[in-house]
Structures are given as structure tokens and as C-alpha cells.
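Hi there,

Here is the structure I promised to pass on. Have a look at it first, and my notes follow below.

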Amino acid sequence: MADNKNKNDDDEFSLFRNEMSDAEPIKHDRLVHRKPPPPPKVRKPSAAELTHDTSEFSSLFAPETVGNEEYLEYRGDGIQNRQFTKLKNGKVHLEAELDLHGLTLAKAEPTLSHFLEQCQQEKIRCVRIIHGKGWGSRDNKPVLKSKLNHWLRQSDSVLAFCSATIEDGGTGALYVLLKRQFER
């Protein structure tokens, strides 16, 4: 049986050779010879890049200034409508509160970062952050409110936030819904 198989293979090969005997190779001049890419160059970081920034939040660009009475709202991916509606209506159990009202940006940023970290460690789900409306700041512009709007959107631990109800501070405070920290 093995001899029969070899004979069939030889017959097919010779048949193919006979059929292709008058074929001419295709000639073309479009062959592109690509040079290998140059090796990567090692770039030494500048002195400014070597300074370590301990800030959790980016300050590469100035956030859009929001109005003193402007309602803030952010909803991350995966937040159910019902949960977000409860947050907006103040129908959630507040487990912690942070009052940043009156702090400078230099003090407010690390305070916020530490507070969010503590909340994650203690498995706190919903908090209120008081930032004020900015009436006492220079030019009556809400600097801290604008920055907080920007910082919270950057934080990995924040799922959603919105301005509080009138009873809890109105547009001078935020309800913040935090991600659940699962044990490993």
C-alpha cells in the first residue's frame, strides 16, 4: 500500500511539472527592500523630569472654571440609573465627610488624596465633600470647586459625583460615590 501511495505522489508531481513546463517566471521591478528600523536611542531625562511629583492628580492643564452656583455632575461607566438618581436626590447613606472649605489648593489636594485613600481602605462607599462656592476667593471665582471637579474625574476610586441637595450644602458640596474595594 505504501508503494502505491508513493507512485501516486510521483505521478501527480510529474503531471504538475509537465503542465508548468511552458510557464515563465513573472518579472517585476517593484520589489521594495525595507531597511531595518534604527535601534532606539537612550534619552536621558532632564532634571525637571527627575523631580518626583507626589500628587495623585494631574495639573498639566487648568480645568475649566465652573460658576459659583453651577451644579456639578459626573457619572462614570457602569453606574446604574437608579443608583445615580439616589445619589442626586441625597437618598444615600453618607459614611464620611471632608470639609475643604477655606483651604488653599496646595493643602486641599493632598488632603483630598489622603481622604479618598482612607475611604478605600475602610470600605466607605459614599461621602460628602464640602468645597464652598468661592464667594470669598479672589474675583469671587470658585477655584477649589473647579479643581475638585477636575480632580475627582481623574481619580480611579471615584465612580460618580454630583452637587449636594440644599440641606447638605447645595452647590457648595458634593456627594461622591466610591468604588468598592474588594479584598484580595
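**Salt bridges**

E97, R128 and D168 are linked in a network of salt bridges (a salt bridge being a side-chain nitrogen of Lys or Arg within 4 Å of a carboxyl oxygen of Asp or Glu). Before the details, please note that this is a predicted model, in which local features need pLDDT of at least 70 and side-chain atom pairs count only at pLDDT 80 or more, while totals for chains, interfaces and linings use all residues. Residues are numbered from 1 along each chain as its sequence is written, and side-chain values use heavy atoms, with hydrogens and water left out.

Helices (H or I, at least four residues) and strands (E, at least two) are DSSP runs, numbered from the N terminus. R128 also forms a salt bridge with D168, the closest N and O atoms being 3.0 Å apart. D168 lies in the loop between β4 and β5 (173–178), so this pair ties together parts that are 40 residues apart in sequence.

How covered are they? R128 is buried, at 15% relative accessible area, whereas E97 is partly exposed at 42% and D168 is partly exposed at 24%. (Buried means under 20% relative accessible area, exposed over 50%, and partly exposed in between, with a 1.4 Å probe and protein chains only.)

The whole structure has 3 salt bridges. One of them joins the side chains of K88 and E73 (3.5 Å, N to O). K88 is in helix α3 (residues 81–88) and E73 in strand β1 (residues 73–75), so the pair ties together parts 15 residues apart in sequence.

**Two loop residues**

S157 sits in the loop between α5 (143–154) and β4 (158–163) and counts as buried, at 9% relative accessibility. Leaving aside neighbours within four places in sequence, S157 is in contact (heavy atoms within 4.5 Å) with L116, Q120, L177, L178 and K179.

K123, in the loop between α4 (105–121) and β3 (126–130), has a positive phi of about 60 degrees although it is not a glycine. Most residues other than glycine have a negative phi. K123 is partly exposed, with a relative accessible area of 44%.

**Overall**

The protein has 5 helices and 5 strands, and buried residues make up 33% of its 184 residues.

Best wishes
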